[in-house]
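Here is a note to read alongside the structure, one point at a time. Keep the 3D view open and look for each place as you go.

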Amino acid sequence: MTSELDIFVGNTTLIDEDMYRLWLDGYLVTNAVALRVRSGILEQMGSTAAVLQSDTMDRYRTFHMLERLLHAPPKLLHQLIFQILPSRQALLIERYYAFDEAFVREVLGKKLSKGTKKDLDDISTITGITLKSCRRQFDNFKRVFKVVEEMRGSLVDNIQQHFLLSDQLARDYAAIVFFANNRFETGKKKLQYLSFGDFAFSAELMIQNWTLGAVDSQMDDMHMDLDKEFLQDLKELKLLVADKDLLDLHKSLVCTALWGKLGVFSEMKANFKNLSRGLVNVATKLTHNKDVRDLFRRAVLPKSVFSVCPLPRWLPTPGPLGPLHGHPPWLPPAPLS
Amino acid sequence: MPGKLKVKIVAGRHLPVMDRASDLTDAFVEVKFGNTTFKTDVYLKSLNPQWNSEWFKFEVDDEDLQDEPLQITVLDHDTYSANDAIGKVYIDIDPLLYSEAATVISGWFPIYDTIHGIRGEINVVVKVDLFNDLNRFRQSSCGVKFFCTTSIPKCYRAVIIHGFVEELVVNEDPEYQWIDRIRTPRASNEARQRLISLMSGELQRKIGLKVLEMRGNAVVGYLQCFDLEGESGLVVRAIGTACTLDKLSSPAAFLPACNSPSKEMKESPLVHPPSHGCRSTHNSPIHTATGSRLTQNFSVSVPTLIYTGMGSGSAGKEGGPFKALLRQQTQSALEQREFPFFTLTAFPPGFLVHVGGVVSARSVKLLDRIHNPDEPETRDAWWAEIRQEIKSHAKALGCHAVVGYSESTSICEEVCILSASGTAAVLNPRFLQDGTVEGCLEQRLEENLPTRCGFCHIPYDELNMPFPAHLTYCYNCRKQKVPDVLFTTIDLPTDATVIGKGCLIQARLCRLKKKAQAEANATAISNLLPFMEYEVHTQLMNKLKLKGMNALFGLRIQITVGENMLMGLASATGVYLAALPTPGGIQIAGKTPNDGSYEQHISHMQKKINDTIAKNKELYEINPPEISEEIIGSPIPEPRQRSRLLRSQSESSDEVTELDLSHGKKDAFVLEIDDTDAMEDVHSLLTDVPPPSGFYSCNTEIMPGINNWTSEIQMFTSVRVIRLSSLNLTNQALNKNFNDLCENLLKSLYFKLRSMIPCCLCHVNFTVSLPEDELIQVTVTAVAITFDKNQALQTTKTHVEKSLQRASTDNEELLQFPLELCSDSLPSHPLPPAKEHLESASSNSGIPAAQRATSVDYSSFADRCSSWIELIKLKAQTIRRGSIKTTVTVEKASPVGDGNFRNRSAPPCANSTVGVVKMTPLSFIPGAKITKYLGIINMFFIRETTSLREEGGVSGFLHAFIAEVFAMVRAHVAALGGNAVVSYIMKQCVFMENPNKNQAQCLINVSGDAVVFVRESDLEVVSTQQPTANCQSSCTEGEVTT
């Protein structure tokens, strides 16, 4: 006796959060069943493994059918085939677009192309995330990228509008898209200690201050591309190290601004000249694409300069006068190496 | 020209890409009704076209309005080649034809293609202008309302229940026409869908005509079925109960607790036509005069006759004479009818006087022997024969009427089994006749109390019993005789006293049969049928005993015929009726008493059985009060096993064979183990696993013993197909497979719905079919309803109290409304201390709270009143939410760590544009009040695929299709302005596959009543918090505030 066909269709589509997670994490039906058996759910309900198998298959099928709609979340809201409560719809979307920290660190700044997709096998082995899950996450990045690539207006808003993500997740996607577009190198050994959150934070400030859209709100497209003119202008910053008066002025302004806000204030004050020189060095060479891509690596490279504080917290320095304005008080004090 | 149909095509969305080059579509729409077609402009290059068409106007006969569906086809314009069809929408405009229902159909409809499924949506507005036509000789029956609900719909009251109406139409099945060889599958499927739509329209119109002729205005319990006979044709047949319904004035309909029709009857002015002293019953059969369109003979049931001799019928005051009079009256009323059948399963109080038992008839027919397959005469004759049989069975039980009546067929190749079953009953004539209503109403009031157990009392003559039965005096009134077991096909009457809870009881049976042709086959089947009925009956009886119960309600026995086997599946809800005697246990007797080890084995089994009975009694809370023997009086001697089941088979040769189902002279409940078969039977008795704790199941409308439903409902359909290993199939192996299939299916359902605990699966409807040699398909549709566990305990305790209270409310007219209200929603106990009070308030208001937590009626958020009630409700809500959360965390023994998962707060719920439409097989929605019936939904879909693997195999294919069917039903209801479907039923789900060719096809037929419901408003929250005495005033307050 074998089951040829086995389905369950409810008027309201039931979403089991745990099952959804297992599916998203790319577990095969057999693995998912094994995991569920171990969770002791059978004892709770006095059920059999066959029941669990059938339930798992059925849920997976449902998710599989929903996946097509999840690729364009507004469709999920308007479709008539599955009656899903709004709170569940939100959960479905949010979870589907959620990603693993380990995974995003591997692909951040890489071109979202077929080539990268081929490397997913390796990433899966390195991170321990199933290949299926890696593919989903990669495809999500790519899909979001494609949709918002040519769009005008704020990156975060566009993502939110077209994918109905929560504010935080939309910001993260904005960072991913921004990094992918500018191909910032983040995979180097020196940058390994930086979390996705660190990069996302930098990305946000760069989008706000360094992009074309940021400079001219009238020209409100191109929130993804850096303002070339601005990068050119950064050359002028040489003055800050060359001119002694300006250096002192800069130092006093920065110190005033950061007084009491930085754990390593005294070190910073003592090393200000070196730090400033390092930064300006990085800033003045952002004229070539290749240098831009290398921004993060170069910014942490001069050991002597950046041994005090990890770079990204310094980096978001849009104007010549407020290099540390962006340092968020909530970030933990930078580690001394 | 009595009608003008107006259609406007507004827009489309989510259309499929039809032009690969541009990834866009140039869509336009064809609107067709009858032979007239209109087209919209082509909307170039868009997947979301905005046509905003003019109003397309069709001027048509109302006859056509009833028969024809509106057909909307969406196409992709192609300059060089033929336009490609995207899909179609069929809209049944019938709901627009009666005044009280919908006035406009407007909304998004899924565009459906039989090959690709749903492909986008289209926004359509449909209106009908009807001109009054007083032509006596008309062929249409606009204005007759149809209800699938098998009880008097909630916002109506029955003035008269006229009786049985039936009709049958036949046509050639397009699938079997010669043209089918050259046309595409799509064309063939569409031809079929269209034909069935047309036929059901015609059928409905014809039934409507009969109803008008009987002077009724509605059909209740309308059941329409398709018989896919294959070569010999396609039959659409329907049965129903003609009624004259009065709409209750809307304020009454909004009051929460007034759902008992008798109450409302007293309150609302009796507005029915003044009774003319005498009315001619000889309405000339006008339809034959202009019957050119009619393809079949009418078997008109004679319209109601006023029994002039009875006057107002208030003569009988005493039980005895009254009974006789009642019988006389009923008889006279019913004898006028060809078939005194009622498809209803629930009745207005007082309607049902006595219940005799289940009557059923089956007959095996050969389809290839129909002389004139295109004409309905032969099938009409078949059904008439069966109905006649049912009628005579009922008579044998001393009953004049059959209630809970239904008909079904099972077809395999050229063999067809026709079945009919119902419950023989004696009815109160007051609903059957005009003019005697008031008189009988008084009678009912005086005769009130006995009716609570009255339906159990035997209708037949004690000395001249139709079958050997074991009678005792009623345990309730101690005056009348009752049988010891009662089987019925109806729902449990609301006034019946039940002890404990009920449960789903199923008998499952398979019998192998040799493959044979034509007559030999029919004979083989006819020979097997009596044995199957017998065994099914025995199984039911044994299982009922095992549960410690004494009555079955909602019994439905389905016999399915296949190539090489017959399947029998009986489902019913077992209960313990307080009026019936306590069932005895089951005794096992061995055949070889001298064998010691055997003896031991027997006693072991006996112990197991006794344990099971004891366990079941505890599980279902069956603890009847002990009654000493003297009070009851000694039971009538000669105890025997009796059967409430009177049935017969007849094969094509019209030979009728009666079968005595009684077990001869054996002692009541002795199971004799004389061979391995019997051993198996006993074992199978014990293998039925009770549902996990927190779950109950029944196949009736509601679970006896639970009455505090909360508003969360989940309707579902589950389908399973198993392939039997063809190696040496024996009856036992087959039985075991089938039994396992059903049990596993139930287990899966319990597991799947565990988040709803405590809950009850109601209206569990199993359908078995044998699509191929080694395939068994089981389809289950049911609804899971949550209930409040704490309150359940209290209500069972106060049950007796409550029923007493209810009895008193009947007499005190002034107080009846508030009392009823309170007894229903609040366990009657003194005011609890403050803290507890809040808690009880929260549990009471659990209905609205849960509603807010689960449903998404955003519009109602705005107009919520902001009084102190709000605060309490909010509290209730948070308490409830909290409890839900804890149950979830218990389950969250998730094996996957949260570590690598980025948790984020969910975004604010995005505004959904799709309103929630509830679906339920029940006639009501818990925690809500149905305010309007918008019309019948009756839809037929075919889905076919030639890429089965790509669509996820058979499971993926059928899963998607059923989801689509649900979506289309919901869309139609929403377009009618409704928010729920009640009495929903999936009447057919025919699935055929050919995995080798990568093909599959499925036909689904669903129906139900589209309704508008409103949540029981804040007013109830107010009233439940007040002590009983203040209820009246608080209710009016509530009305003011809302």
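This is a predicted model: local features need pLDDT of at least 70, side-chain atom pairs count only at pLDDT 80 or more; totals for chains, interfaces and linings use all residues.

1. Let's begin with an overview of chain B. Its secondary structure comprises 24 helices and 33 strands. The chain has 1042 residues, and 60% of them count as buried. Now look at the contacts in chain B between residues with a separation of 6 or more: 78% of these involve residues 24 or more positions apart.

2. Next, find the peptide bond between B:Ile757 and B:Pro758. This bond is cis, with omega at about -5 degrees. B:Pro758 sits in the loop that runs from helix 14 (731-752) to strand 28 (759-769) of chain B. Remember helix 14 of chain B, as we return to it in point 6.

3. B:His14 is not a glycine, yet its phi is positive, near 55 degrees. You will find B:His14 in the loop linking strand 1 (3-13) and strand 2 (27-33) of chain B. B:Glu413 also has a positive phi without being glycine, this time near 50 degrees. Its place is the loop between strand 14 (401-412) and strand 15 (415-427) of chain B. How do they stand in terms of accessibility? B:His14 has a relative accessible area of 23%, so it is partly exposed. B:Glu413 reaches 55% relative accessibility and therefore counts as exposed.

4. Now move to B:Lys617, a residue of helix 11 (residues 596-619) of chain B. Because its relative accessible area is 26%, B:Lys617 is classed as partly exposed. If we set aside neighbours within four places in sequence, B:Lys617 is in contact with B:Gly548 and B:Ile622.

5. Helix 4 (residues 49-70) of chain A packs against helix 14 of chain B at an angle of about 60 degrees, and their axes are 9 Å apart. The two helices are therefore oblique to each other, and their crossing is right-handed. On the chain A side, A:Val51, A:Leu52, A:Ser54, A:Asp55, A:Asp58 and A:Arg59 take part; they meet B:Lys747, B:Ser748, B:Phe751 and B:Lys752.

6. Helix 10 (residues 131-149) and helix 12 (residues 167-182) of chain A have axes that come within 10 Å and cross at roughly 80 degrees. That angle is why helix 10 of chain A is described as roughly perpendicular to helix 12 of chain A. Helix 10 contributes A:Asn140, A:Phe141, A:Val144, A:Phe145 and A:Val148, while helix 12 contributes A:Tyr173, A:Ile176, A:Val177, A:Ala180 and A:Asn181. This contact has 8 nonpolar, 2 polar and no charged residues.

7. Finally, step back to the domains of chain A. The chain is divided into domain 1 (17-85), domain 2 (101-210) and domain 3 (228-305). Taken over C-alpha atoms, the centres of domain 2 and domain 3 of chain A are separated by 27 Å. In the contact between them, 13 residues of domain 2 touch 10 residues of domain 3.

Definitions and conventions: Residues are numbered from 1 along each chain as its sequence is written. Chains are lettered from A and ligands numbered from 1 in the order in which they are written. Side-chain values use heavy atoms; hydrogens and water are left out. Helices (H or I, at least four residues) and strands (E, at least two) are DSSP runs, numbered from the N terminus. Buried means under 20% relative accessible area, exposed over 50%, partly exposed in between (1.4 Å probe, protein chains only). Axes are lines fitted to C-alpha atoms, for helices over the stretch in contact, and angles run from 0 to 180 degrees between N-to-C directions. Angles under 35 degrees count as roughly parallel, over 145 as roughly antiparallel, 65 to 115 as roughly perpendicular and the rest as oblique. A crossing is left-handed if the near helix is turned anticlockwise from the far one by less than a right angle, and right-handed if clockwise. Contact means heavy atoms within 4.5 Å. Domain bounds come from an automatic or database domain assignment. Ala, Val, Leu, Ile, Met, Phe, Trp, Tyr, Cys and Pro count as nonpolar, Asp, Glu, Lys and Arg as charged, and the others, Gly among them, as polar.
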